[in-house]
Amino acid sequence: MKNAAAISLTVVTALLLVAVAVLGVFLSVSLQTQEQYRLSANNAYEQAYYQLTESMGNMRVNLDKARAAQGNAMICKLMMDASVCCQSASQALYRFSSNGHSAAALTKFVNQAGDYCAYLHGKASRGEQITAEERNTLQKLGDAAALVQEKLAPVREELGAGGYEFSRVLGSLNEEFSGVMNALQDGSTEYPSLIYDGPFSDGLDDKQAKTLTGEEISAQEGEKMAREKLGALGIEGLEYIGEGKADFKSYLYEIKSEHGSGDVQIAARGGAIVQFSFNCEAGEKREFDAGEQAKKFCRALGFEGMTPVWSAEKDGIIYMNLCYEQDGAIVYPDMIKVKINAADGHVIGCETLSYLFNHTQRQLQKPVLSAEEIKSRSYGELEVQSVRPAVIPTPGGGERLTYEVFGTIGEEKFFVYVDPCSGEEVRVLMVVDGEQGELLM
Amino acid sequence: MLNTQRRAARLTIFVAAAALILILALLFFPGGGRAQAAGELLRYGSRGESVRQVQSRLNQLGYWCGTADGIFGNNTLSGVRRFQSAKGLAADGIVGPKTYAAMGMGTSQTGYSSSDLYLLARCVYGEARGEPYVGQVAVAAVVLNRVKSASFPNSISGVIYQPYAFTCVADGQLYLEPDQTAYNAARDAMNGWDPTGGCIYYYNPATATSAWIWSRPIMLQIGRHNFCK
């Protein structure tokens, strides 16, 4: 019996030794893997750092060179090079977003600077002169890039010595490098506001809603107006969610109806519907005129003169875009989007923000060229189907009158927008099949 | 006494063996928990997540088969058959490898569509499932507002995968399969719906620890989220 107990003890000891050995091997492999991940993360940071310093240096040089260049061809080249450097710097900076916002200020600088250079490139390529003010802005952007370069430089010395860790704690940059990321916020350089015709223009931040001019209403009055305006949808319940303060004051309500549950947002000034949407079950499409349904709905809300310009259907839901039509011209900035259930034709959503911001009665210039003259021009392979006047938005928040030329090349569809006076092309859009139906790109 | 010793020895062996098995189990199965990709054979009467994924995919592709409820009933059968006929497959109503492949789902996770809408819907589901519908549209709108902002990457994938920008990416919830509500919310936002009025941040005040995010002026509160510019 003693032998049996001794054997048991030996087996137990052996099993425990095996367990400890396996655990030891596992821990060793884990630690090695962890070290490899740490090194790999630091290498990625280092690569991004080198890309960032190189891009900032090249960006600065190109911006400074522009001060000595006069010809439009050279300005075009330098602005294109600077813009590419900004894109490269921007790519590198995404790596340094340790918490979603740490690199935001510097990212904004390089994206705006790149966009500004692209704007000047466009201007120079049209044969327009760069103004003294624009040259001054370029110089300030170059100075700001130089400052960032200066702040980045000490890190390079430490990298050379092989001892710089960008992130000691998962999810946060080390304090010293966070300081570099805030280089433009310590007041040592003047980084100008950039107002120009581009999507990152600071001018877009100050936009006012042109149509919101009425008296300010209370949340209770807003609820009443929402019930009145959406009464045809069979509202069963409306509950106040809260107040929105972005762009303009608004009230948000949860809404229940026979179409499901959703929300409606009312502008505090005047009580216009900003948006509403139901999350409801959709179904197979039945035959009905979705454009007519959307127009009827817009009229009922008080939006007169709207014309359907685009629709996409997917998952049993139709998204219909309508634009205001003035003097035969489609005004794209005054757009309202209507969502329709394909199964029964009921309107289940609407979005009016673009219309609320932009709608006004415009003084449209008389085009020098007629629609017939535009149609008779050559567009290469493009087989022109139709031409109509259209007001289109510009990237910096402005708008311009054009002719919209719709045509096809084989199976592909295109919209070409041309200047009504010179016939010059100002934008080309292509219709592509996407996950959400046909998209314009 | 001898019996007691024998019992004690057996118990010790049992405990040691169990410990060894547990250690080995921990070593060789460290992960788990991630949603499985669709891949099993599905037919009339099947139930579960794979059925729901197929229903959701068929609905996206325009072969309406009712609400994605995870039950392979008559509507799903009809949807699968219509899809198979349209794709030139045998219309047997059984979802196997060929039908999965034709749906763009494959039999592995990597075969699924990686379109922006799908990615955005996954982000909405990972970040805001359980929130009211408008809260889900708002989260999708924040992603798209970041795409338009100079301070962030200029693509949906760039914004979503920006390091530590979204919790669901860091903790793996981005890999959960989105439901129809998340899809609808993502599609609304991509079509221009934005209840936040251009917000680029949001946080849950019950869990947010960043002092910085608390310093941002709140523009709107929906469900458990505060939205800021």
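Me: What makes the three strands of chain B an open sheet, and in which order do they stand?

Reply: In this predicted model the order is β1-β3-β2, with antiparallel pairing. Strands β1 and β2 of chain B stand at the edges with a single partner strand each, so one side of each has no neighbour in the sheet. Neighbouring strands are turned against each other by 25° on average, direction ignored (axes are lines fitted to C-alpha atoms, with angles running from 0 to 180 degrees between N-to-C directions). The elements are DSSP runs numbered from the N terminus, namely helices (H or I, at least four residues) and strands (E, at least two).

Me: On what basis was the model read, and how are its parts numbered?

Reply: As this is a predicted model, local features need pLDDT of at least 70 and side-chain atom pairs count only at pLDDT 80 or more, while totals for chains, interfaces and linings use all residues. Residues are numbered from 1 along each chain as its sequence is written, and chains are lettered from A and ligands numbered from 1 in the order in which they are written.

Me: Which way do the residues of β3(B) point, and are they buried or exposed?

Reply: In β3 (residues 225-228) of chain B, His225(B) and Phe227(B) point one way, Asn226(B) and Cys228(B) the other, and all are buried. A residue is called buried if 20 or more other C-beta atoms, placed from the backbone, lie within 10 Å of its own, exposed if 12 or fewer do, and partly exposed in between. In a regular strand the side chains alternate between the two faces of the sheet.

Me: Why are the buried residues of α6(A) assigned to one side of the helix?

Reply: The buried residues of helix α6 (residues 219-229) of chain A are Gly222(A), Ala226(A) and Lys229(A). They cover an arc of only 70° around the axis, which puts them on the same side; the arc is that of the directions from the helix axis to the C-beta atoms. On the other side, Gln220(A) and Glu228(A) are exposed.

Me: What makes a group of residues a nonpolar core, and which residues have the most contacts inside the largest one?

Reply: A nonpolar core is a set of buried Ala, Val, Leu, Ile, Met, Phe, Trp, Tyr and Cys residues joined through C-beta atoms within 7 Å. The largest has 90 residues, and those with the most contacts inside it include Val338(A), Leu120(B) and Cys199(B). Helix α6 (residues 133-148) of chain B gives the largest share of this core, 10 residues. Apart from it lies another core, of 41 residues, among them Tyr45(A) and Phe96(A).

Me: Which residues does Val338(A) contact, leaving aside its neighbours within four places in sequence?

Reply: Among them are Ala294(A), Phe297(A), Met320(A) and Val347(A), where contact requires C-beta atoms, placed from the backbone, to lie within 7 Å.

Methods:
Two residues are in contact if their C-beta atoms, placed from the backbone, lie within 7 Å. Two strands pair if DSSP finds at least two bridges between them.
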